[in-house]
Every structure is written in structure tokens, then in C-alpha cells.
Amino acid sequence: MVTKIEEMKTGPQANQPQSVTQYTYKGTAVFYIVAGCCDQFNPVYNSDCDYLGAPDGGITGKGDGKIPDFHAEATNKKVVWENK
């Protein structure tokens, strides 16, 4: 995940995320990324950088529907990086 964060930080300013937060979701460490701009999904990745889904964001604000229980089930919030 560190490599992914570095790639995002050095990309175009409009594509940089606002934050990366680590959670425990279904017993596994995952990373929730708040997108840098409007109408984008806020994706969640596991520690192998595999995409799990987007619990929110996008045009409807409801994500992609792949992990609708994320916000109710995710615990142990820890901010890993913030775009300041």
C-alpha cells in the first residue's frame, strides 16, 4: 500500500486522494481512500492492493454496491496519510 500511496501523491493534483485510512473489515486490514475530486468512488483495497469495492462516492454517492456494509462493519480507524 505504501507504493500505491506514493504513486497517488506524485500523480496529477486533481487525481490525488484526500486521505488514506486503514480499517479492519471482516477481520482483514483494508485501506479506504477518499477521492480527490467530485463524483468519484471512494475505493477500498486490501493489503495486497486488490480492489474490494467503493462503499460511497460516485454520481449517486452510494458507491458501487460491492461492499454496502463497509461503514457499519469497519473498525479500528487509523489515518495513514492526508493530503495537506
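These are my notebook entries on a predicted protein model, written as I looked things up.

**Entry 1: ground rules**

I number residues from 1 along each chain as its sequence is written. Since the model is predicted, local features need pLDDT of at least 70, side-chain atom pairs count only at pLDDT 80 or more, and totals for chains, interfaces and linings use all residues, while side-chain values use heavy atoms, with hydrogens and water left out.

**Entry 2: the overall fold**

I began with the secondary structure and found two helices and five strands in the protein chain. My note on terms: helices (H or I, at least four residues) and strands (E, at least two) are DSSP runs, numbered from the N terminus. In sequence order, I read the pattern as α-β-β-β-β-α-β.

Next I looked up the dimensions. The C-alpha trace spans about 30 × 30 × 20 Å along its principal axes. I also checked the radius of gyration, which is taken over C-alpha atoms, with a globule rule of 2.2 Å times the number of residues to the power 0.38. For 84 residues, a compact globule would come out near 12 Å, and the protein chain agrees because it has 12 Å.

**Entry 3: inside, outside and charge**

How much of the protein chain is buried? I found that buried residues make up 37% of the 84 residues. Here buried means under 20% relative accessible area, exposed means over 50%, and partly exposed is in between (1.4 Å probe, protein chains only).

The protein chain exposes about 5100 Å², and carbon and sulfur atoms supply 49% of that area. These areas come from the Shrake-Rupley method with a 1.4 Å probe; for residues, only the protein chains shown count as cover.

I then looked at contacts (heavy atoms within 4.5 Å). Of those between residues at least 6 apart in sequence, 34% join residues at least 24 apart.

For charge, I noted 8 positive and 10 negative side chains, with the centres of the two sets 4 Å apart. Lys and Arg count as positive and Asp and Glu as negative, while His and the chain ends are not counted. Each charge is placed at NZ of Lys, CZ of Arg, CG of Asp or CD of Glu.

**Entry 4: the aromatic rings**

How many aromatic pairs does a search of the whole structure find? The search gives five. Rings of Phe, Tyr and Trp (its six-membered ring) pair if their centres lie within 6.5 Å; planes under 30 degrees apart count as stacked, over 60 as edge-to-face and the rest as tilted.

One of the pairs joins tyrosine 23 and phenylalanine 70: the ring centres are 5.4 Å apart and the planes are at 80°, so I filed the pair as edge-to-face. It links distant parts of the chain, with tyrosine 23 in strand β1 and phenylalanine 70 in helix α2 (residues 70-73), 47 residues apart. Tyrosine 23 counts as buried because its relative accessibility is 13%, and phenylalanine 70 is buried at 0%.

Tyrosine 25 also pairs with phenylalanine 70; the centres are 5.2 Å apart and the planes at 55°, so this pair is tilted. Tyrosine 25 lies in strand β1 and phenylalanine 70 in helix α2, so the pair ties together parts that are 45 residues apart in sequence. Tyrosine 25 is buried, as is phenylalanine 70. I ended this entry with a cluster: ring pairs link Tyr23, Tyr25, Tyr32 and Phe70.

Serine 19 is in strand β1 (residues 19-25). Is serine 19 buried or exposed? I have serine 19 down as buried because its relative accessible area is 13%. Leaving out residues up to four places away in sequence, serine 19 touches Tyr32, Ile33, Val34, Trp81 and Glu82.

Valine 34 counts as partly exposed at 24% relative accessibility.

With residues up to four places away set aside, threonine 75 touches Tyr23 and Thr24.

**Entry 5: positive phi in two loops**

Lysine 26 has phi near 55°, a positive value in a residue other than glycine. Lysine 26 sits in the loop between β1 and β2 (28-34) and is exposed at 61% relative accessibility.

Cysteine 49 is not a glycine either, yet its phi is positive at about 65°. I located cysteine 49 in the loop between β3 (41-46) and β4 (51-57), where it is partly exposed at 30%.
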